[in-house]
Amino acid sequence: MASSGLIKATRVAILLLALVIFLGNIMMWIIMPTDTYYNIWVPHLMAATNSTFFGIQGPIMMDFTFPILLIAVLGCIYLHLGKKQQNTVTASSKGRSLRLMRRPMIVKGLGIVNLTEITLFIMFVALCAWYFADYLHHWFEQAHQRSMSKQEKLWQTKVDRVGIVTGVTGNLCLTFLFYPVTRGSSILPMLGLTSEASIKYHIWLGNLSMALFTAHGLIYFLYWIITNRLSEALKWGDHYVSNIAGEISMLCGLCLWITSYPKIRRKMFDLFLYTHYLYIFFMIFYILHIGIGFACIMLPGFYLFIIDRYLRFLQSSSKVTLLSARLFSCDTLQLNFSKTPGLSYTPTSTLFINVPSISKLQWHPFTVISSSNLEQEKLSVLIKCEGNWTRKLYDILSHEMLVLISGGSGITPLISIIRELIYINSTMKCKTPKIMLIATFKNSSNLSILDLITPSDSNISCNLDLQIEAYVTRERGESKDKIPKPRTVWFKPDQSDVPISPTLGPNSWLWLAAIISSSFAIYLVLLGVFTQYVVYPIDQNTNMLYSYTRKASASMLFICFSIVVAASTAFLWNKKRNAAEAKQIQDMADLSNSSFEQDDVEMESLPLQSVIKSFNVHYGHRPNLKRILMEIKEPSVGTLVSGPKKMREDVAAICSSGMADNIEYESISFTW
């Protein structure tokens with residue numbers, strides 16, 4: 001108990017330290033546009049960072065890059081210590097003020113959001129407005145002197161200043177753009193978020209960034225036209241901003257932006273997916289456009305994203321063991337993969353799968369339906385043959401009742417939640433809420449998917465209070481044909497196949513902290529040597545003589561080299577340990593599958609009667625969600641909706657109407 005208390009106190013201290021650092025970083029954003037920062041702070045920071053080694057990058061990295069990377073390292077330690085704490089689930093009532101902040105509302109252009117998200121969004125927009133206004137004021141004060149030196153009218157110079165301020169504000173949005181899509185981030189889970197839950201923030205920031213960058217480009221083209229300097233568009237400024245590099249970056253960004261339009265993304269997902277890889281060229285030419293010094297402001301988010309992306313690349317290089325496939329009559333199949341016991345994941349997680357025989361390039365995300373606690377050596381996904389936000393399960397277990405509402409393939413993440421509750425109820429002997437599952441299907445053949453609620457190879461018994469209300473919308477009466485049972489196909493694993501395992505082993509968070517720290521240290525050493533012995537003898541800290549392009553290219557090369565060295569070392573070290581564990585699993589599998597060729601092996605699920613309290617099937621209509629939710633009298637009810645946009649909006653409207661103060665709303669979107 002004393003050890004547990006010490007770990008808890010340490011985690012609280014780490015969280016508070018990270019919060020202080022983050023607030024200090026936000027303060028730097030607020031101060032940066034002011035004269036105080038440039039006239040007082042920068043000279044002191046230049047001296048503190050030894051400008052002969054880092055130049056203008058020194059103070060910028062100290063103010064904006066280092067604090068965020070430090071938060072990421074602290075987050076890794078925080079999450080590692082969290083794994084040492086025994087998982088306990090307690091029921092507690094939430095205050096009305098907290099419920100009010102989480103009450104859903106439908107905002108045009110933003111979708112379904114709560115008051116907390118709206119507040120943070122307004123605060124970010126206010127920061128952008130301050131950033132824009134103060135920088136504009138700062139540069140308007142210098143407009144008269146600049147117009148005299150460039151021999152142009154004052155209003156023309158002000159157009160130029162508006163253009164540059166618009167681009168600088170876009171850089172602020174770009175700074176936060178990559179955090180939501182860094183799947184292995186330590187920052188998101190430290191805040192209780194997942195990458196799936198944060199996709200909408202990436203969309204908001206992406207739209208805002210591209211709107212500002214597009215305005216930035218158009219304003220500059222207007223400025224060049226009115227000052228008869230259109231030839232400026234074809235210049236590569238080697239000692240200042242490079243216009244051609246900016247235009248190439250803008251073209252790549254526009255391709256990304258256009259193909260992200262919801263109708264295009266949903267109907268032509270492959271086009272959306274492949275054009276999104278243009279972010280590589282967008283970022284390269286963006287850095288060449290503005291220079292590495294200013295790019296260090298937005299570097300930390302992109303730096304963490306590169307680490308995550310490279311680790312995922314290394315992980316995807318191995319073929320994994322596919323144990324079996326379950327074929328359902330509703331054009332749905334379940335894939336069961338072998339995994340190491342050390343691989344843990346939260347309910348509603350997603351797994352990206354590539355089938356080389358179909359396409360060597362395409363990776364598709366599928367929802368994991370298994371529980372890493374209940375099924376320690378198997379990972380399962382459900383694939384619906386047709387063209388993911390949620391909170392962690394433990395955040396909603398304070399509820400006395402949990403209502404899970406699904407439409408079509410939206411049932412898949414809810415299965416993983418129910419399986420996790422089965423584990424908690426049967427193994428941890430913790431109190432679990434009552435559960436009502438409202439599942440809507442088109443045809444009765446889809447009812448066979450409900451067999452997956454319980455694991456196929458588990459003998460665990462529990463007293464879960466589960467009520468299922470299934471609705472079949474396109475059939476008027478109970479089907480006379482017997483619903484066919486799923487057909488199981490077993491596979492003989494190849495010798496080169498391995499179980500799915502954690503990329504960085506059981507202590508993955510500590511390894512990630514080591515990668516972030518060591519790679520950044522390597523980068524600083526390379527940058528210091530390069531600046532001291534190559535840049536400084538020519539530039540002498542004037543920041544005007546040495547080529548911007550060479551400096552930026554060298555920095556990008558140093559960053560990539562540092563990450564590759566640090567991440568590859570950690571990956572290869574853990575790969576040896578994973579290989580040893582995989583060998584043990586394979587030997588056990590070979591022993592148990594000595595009679596593999598026999599056809600009498602069949603997967604049988606845990607009897608539903610031991611888990612389900614009641615099971616009703618309704619034909620020919622959709623559920624009356626308003627009536628169902630209004631009839632629930634428990635004081636604390638968590639509602640989780642996984643399905644089409646219309647279903648999510650209908651439930652959000654019910655929960656936000658004020659008639660159901662006891663209901664809290666969460667949703668999982670498959671059509672973000």
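This is a predicted model: local features need pLDDT of at least 70, side-chain atom pairs count only at pLDDT 80 or more; totals for chains, interfaces and linings use all residues.
Local features are taken at pLDDT of at least 70 and side-chain atom pairs only at pLDDT 80 or more, whereas totals for chains, interfaces and linings use all residues. Residues are numbered from 1 along each chain as its sequence is written, and side-chain values rest on heavy atoms, with hydrogens and water left out.

The axes of helix H6 (residues 115-140) and H8 come within 9 Å and cross at roughly 150°, where helices (H or I, at least four residues) and strands (E, at least two) are DSSP runs numbered from the N terminus, and axes are lines fitted to C-alpha atoms, for helices over the stretch in contact, with angles running from 0 to 180 degrees between N-to-C directions. H6 and H8 are therefore roughly antiparallel to each other (angles under 35 degrees count as roughly parallel, over 145 as roughly antiparallel, 65 to 115 as roughly perpendicular and the rest as oblique). Residues of H6 that meet H8 include Phe 124, Tyr 131, Phe 132 and Trp 139, and their counterparts in H8 include Val 162, Val 165, Thr 166 and Leu 172, contact meaning heavy atoms within 4.5 Å. The residues of this contact divide into 15 nonpolar, 2 polar and 2 charged (Ala, Val, Leu, Ile, Met, Phe, Trp, Tyr, Cys and Pro count as nonpolar, Asp, Glu, Lys and Arg as charged, and the others, Gly among them, as polar).

Helix H7 (residues 143-150) also approaches H8, with axes that come within 9 Å and cross at roughly 110°, and the two helices are therefore roughly perpendicular to each other. Ala 143, His 144, Arg 146 and Ser 147 of H7 make this contact with Leu 154, Thr 157, Lys 158, Asp 160 and Arg 161 of H8, and the residues involved divide into 2 nonpolar, 3 polar and 4 charged.

Within H8 (residues 154-175) lies Thr 166, which counts as buried at 5% relative accessibility (buried means under 20% relative accessible area, exposed over 50%, partly exposed in between, with a 1.4 Å probe and protein chains only). Apart from neighbours within four places in sequence, Thr 166 is in contact with Phe 132, Leu 212, Ala 215, His 216 and Ile 219. Tyr 277, in the loop between helix H13 (269-276) and helix H14 (279-290), is partly exposed, with a relative accessible area of 34%.

Strands E1 (residues 104-107) and E2 (residues 111-114) run antiparallel and are joined by 4 bridges, pairing being assigned if DSSP finds at least two bridges between two strands. Pro 104 stands opposite Asn 114 in E2, and in the hairpin, which has 3 residues between the strands, Gly 109 takes a positive phi near 95°.
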